[in-house]
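Dear colleague,

I am handing over the structure below, and my notes on it follow directly after. Please read them with the model open beside you.

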Amino acid sequence: MDIKIFKTAEEASKAAAEIFKDTLKTGQEVFGLATGSTPEKTYEILVESDLDFSNAIAINLDEYYGIASTHDQSYAYFMNQHLFQHKPFKETHIPNGENTDAEDEVTRYDAILEKYPRDLQILGIGSNGHIAFNEPGSSFDATTTKVKLTDSTIQDNSRFFDNKDEVPQEAYSMGIKSIMDAKHIILMAFGESKADAIKKIIEGPVTEDVPASVLQKHPNVTLLLDEAVASKLSSN
Ligand code: PGA
């Protein structure tokens with residue numbers, strides 16, 4: 001793991017945007033994208049840049065189950081607001097939260113992942129160590145799955161909803177095996193609330209109890225951290 005610690009989240013976000021730029025420069029154009037507050041600044045920097053994504057393919061990690069793409073908390077809506085409506089991509093893909101036939105949706109999304117191996121995958125991390133919606137205990141061998149969100153994720157995400165009861169309890173998520181297929185993975189994490197998770201994934205054992213610990217096994221991972229999230233690392 002290549003671990004880079006920045007004074008602020010903004011500096012880390014600039015570094016992430018530079019990696020997007022370098023990836024595009026080498027003609028690699030399949031981007032695995034994430035939602036959440038973590039990548040927001042990076043997307044803002046990309047939107048303000050002169051980078052051209054019109055030949056690029058975007059494949060998102062996850063989507064709430066049972067939510068319309070027009071709902072302002074859907075991840076489809078988030079991506080349009082923060083990136084796609086400002087920076088057009090050739091194709092964008094995201095699980096369809098309105099498809100109640102889970103088998104059909106999982107098969108559909110796995111076919112997309114098969115067709116478009118990711119050159120660059122960006123990830124946030126949950127305070128419980130999840131990546132995408134792969135919660136603790138998820139199999140490292142999983143491809144796309146319909147998952148049940150843990151209480152801690154529902155609690156973390158309730159800040160975006162009027163109240164906790166409105167947070168969807170299930171989601172479609174790219175599985176860990178598919179995430180690990182990407183050539184290069186960037187994980188960004190900011191703030192003290194995730195310091196324990198970051199310590200575990202860097203210094204702890206590789207275990208399905210801490211989903212992001214699997215990244216220790218990937219040959220090309222960059223961690224972009226701010227000082228607060230790195231504050232519990234032994235080597236700090
Ligand atoms: P956040 O979520 O970026 O909103 O903190 C990250 C995640 O839960 O994976």
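This is a predicted model: local features need pLDDT of at least 70, side-chain atom pairs count only at pLDDT 80 or more; totals for chains, interfaces and linings use all residues.

How many bridges join strand β9 to strand β10, and do the two run parallel or antiparallel? Strand β9 (residues 184–189) is joined to strand β10 (residues 221–226) by 5 bridges, and the two run parallel; helices (H or I, at least four residues) and strands (E, at least two) are taken here as DSSP runs, numbered from the N terminus, and two strands count as paired if DSSP finds at least two bridges between them. Within this pair, I185 stands opposite V221 in β10.

Residues are numbered from 1 along each chain as its sequence is written, and side-chain values use heavy atoms, with hydrogens and water left out.

The sheet

The open sheet is formed by 7 strands in the order β1-β10-β9-β6-β2-β3-β5, with parallel pairing. At its edges stand β1 (2–6) and β5 (91–93), each of which has a single partner strand, so that one side of each is left without a neighbour in the sheet. On average, neighbouring strands of this sheet are turned by 15 degrees against each other, direction ignored, where the axes are lines fitted to C-alpha atoms (for helices over the stretch in contact) and angles run from 0 to 180 degrees between N-to-C directions.

The core and a buried threonine

In the largest nonpolar core, which has 75 residues, the members that touch the most others are L33, L187 and I198; such a core is a set of buried Ala, Val, Leu, Ile, Met, Phe, Trp, Tyr and Cys residues joined through side-chain atoms within 4.5 Å. Helix α1 (residues 9–25) gives the most to this core, with 7 residues. Leaving aside neighbours within four places in sequence, L33 is in contact (heavy atoms within 4.5 Å) with a set of residues including F20, Y43, I59, L61, M79, F84 and I122.

T153 has its place in helix α5 (residues 151–157) and is buried, with a relative accessible area of 1%; buried means under 20% relative accessible area, exposed over 50%, and partly exposed in between (1.4 Å probe, protein chains only). Apart from neighbours within four places in sequence, T153 is in contact with N128, H130, F133 and E135.

Salt bridges

A search of the whole structure finds 9 salt bridges, a salt bridge being a side-chain nitrogen of Lys or Arg within 4 Å of a carboxyl oxygen of Asp or Glu. One of them joins the side chains of E105 and R108 (2.8 Å, N to O), which both lie in helix α4 (residues 102–115), 3 residues apart, or about one turn of the helix. Here E105 is buried, with a relative accessible area of 2%, whereas R108 is partly exposed at 33%.

Another links D196 with K232, their closest N and O atoms being 3.1 Å apart. This pair links distant parts of the chain, since D196 is in helix α7 (residues 195–203) and K232 is in the segment after β10, 36 residues apart. D196 is partly exposed, with a relative accessible area of 42%, and K232 likewise counts as partly exposed, at 37%.

Finally, E203 forms a salt bridge with K199, with the closest N and O atoms 2.6 Å apart; being 4 residues apart in helix α7, E203 and K199 are separated by about one helical turn.

With best wishes
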